[in-house]
Amino acid sequence: MSDVRTAIAATERAAATARGGATSAMPAEGPQQYLTFVLGGEVFAIGILAIREILEYATPTQVPMMPAYLCGVINLRGAVVPVIDLSIRFGRAGSAVSKRTCIIIIEVASGEELQQMGLLVDAVNAVVEIAPGEIEPPPAFGTRIRTDFIHGMATVDSRFIILLNVGSLLAAEELGQLAEAAAPNSPSAAA
Amino acid sequence: MDTQREIDATDELPQPPGAVLAAACSQALPIWAKQIDTARLQAQEAVVSLMQRFQNIINRLDTALGAARSQAGASTVADDAVQGQQLLAQVIEALRAIRSSRDALAHEIRGLAAYADELRKMSSDVEIIAFKTNMLALNAAIEAAHAGDVGKGFAVVAKEVRELSAAARDTGKSIGHKVGLISNSLAQIVSTNERVSTRDEAAVSESEQHIHTVLERFRQRTQLLTDSAARSNAESESIKDDVCEALVQLQFQDRTGQILQQVVASITQAQQLDSGANLESADQRVTDYLNGMAQTYTTDEQRQNHTGVASGELEPQGATFF
């Protein structure tokens, strides 16, 4: 409850400071809003302005000849959106689908365009507000995922959460592959 | 006195053969007559008193038999046994009715358990709705963030909706928890009821068996009582009949009395044979005397005795009792 309240309260401030960038780039001043979610029992967070929306899980359509972390594609209001299983992308076993499984639709810059993609997560938690000063740099070791995915660490409700760097989730050529996968139906992101 | 005079008179006469016998007889005859009469009277008295006692015995037996009949005791006891059996059958019936009503109750409770399952599903539906509402609120918060200043009011609404969804989720969970408790209790009630019901059934059938055993024993005892009462009644009847028979037999006294009375009368007459007017010869007088004696007989035995038939060969005269 409290995190929601802070999140909503933060909305007013965040709206002024964090406008205009649907990317992972974070302005230095003022608290930012993050969406927390659970993956393999750990809590992660993504900057809320990078997120387009949250969907209930629907089985994606499998696409042949694609990397293992790509579950498939979904039809989002006519646009073909690739869905990435973050667990596999982080080098873990694939997520088991439960009734709380969600797909978070994010927008990342791919060259000149914005590329939409879905992230398969175990559950979404809440919108939290984290000030830039509260964010610790990623540890040099001790986490099981590549540190370039990690924007930083923060403590919310006396629990560590990992802030993900959305832009670094996929390398440029990987994004290109995704764009190809999405290409037949949706040459451009329907933002 | 007369007899003494006669004896004195005979002393002076010459002694013909048999004169001593005649003299002794004439002296002894009145004594014999008296002895016989005394014996007759004593026998009569004893027999009459005996008959009186037998009559008393018969009266008492009659009273006893009458009492036994009017009481009809054994049959009443048998009726009681039958009635008791009916009453106990009613009791067993009542126990069965209790059991069947408990079964009905158990059925109702099982129906409730089905409702509990439905409620559990509804509570999980509430949780799903809360989950979806939460997603909606999160999406609203995202939209509000994208909208910037314009989305501020919307963000507040989104926050409220999220709180509501969290409340709904908690409520749904607690409903589910409570429903779980209730359905566990119901299951326990049903299983307890079934256990108790099984035990009750055994108890009822056991009591039924016991009751039947008791009643059967009671019935057998009653039968024995009835039989022995009937036997005792029959015995009493037959004793009474025997006593009646004996009473009838005792009326021989009348006959012997008459015979003895006649003998006494004959002896008395015999004493007057000599003192009467001596118009006829002695032989003639003896014959007359014997004939007269024969006329006073009242029984065949007397007449047969008189005509000389040995009394041992006599057929006893047919009883013509009155």
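Visitor: Which residue is the bridge partner of A:L35 in β2(A)?

Guide: Two strands (E runs in DSSP of at least two residues, numbered from the N terminus) pair if DSSP finds at least two bridges between them. In this predicted model, the bridge partner of A:L35 in β2(A) is A:I46, and six bridges join strand β1 (residues 32-39) of chain A to strand β2 (residues 42-47) of chain A, the two running antiparallel. Residues are numbered from 1 along each chain as its sequence is written, and chains are lettered from A, with ligands numbered from 1, in the order in which they are written. Because the model is predicted, local features need pLDDT of at least 70 and side-chain atom pairs count only at pLDDT 80 or more, while totals for chains, interfaces and linings use all residues.

Visitor: In what order do the five strands of the open sheet in chain A stand?

Guide: The order is β8-β1-β2-β10-β9, with mixed pairing. Strands β8 (123-130) and β9 (150-156) of chain A are at the edges, each with a single partner strand, so one side of each is left without a neighbour in the sheet.

Visitor: Where is confidence lowest in chain B, and where is it highest?

Guide: The predictor's confidence in each residue is given as pLDDT, from 0 to 100. In chain B, helix α1 (residues 2-12) has the lowest confidence, at a mean of 54, and helix α4 (residues 152-249) the highest, at 86, where helices are DSSP runs of H or I with at least four residues. Over residues 310-314 of chain B, pLDDT stays under 50. Where pLDDT is low, the predicted coordinates should not be read in detail.

Technical notes: Two residues are in contact if their C-beta atoms, placed from the backbone, lie within 7 Å.
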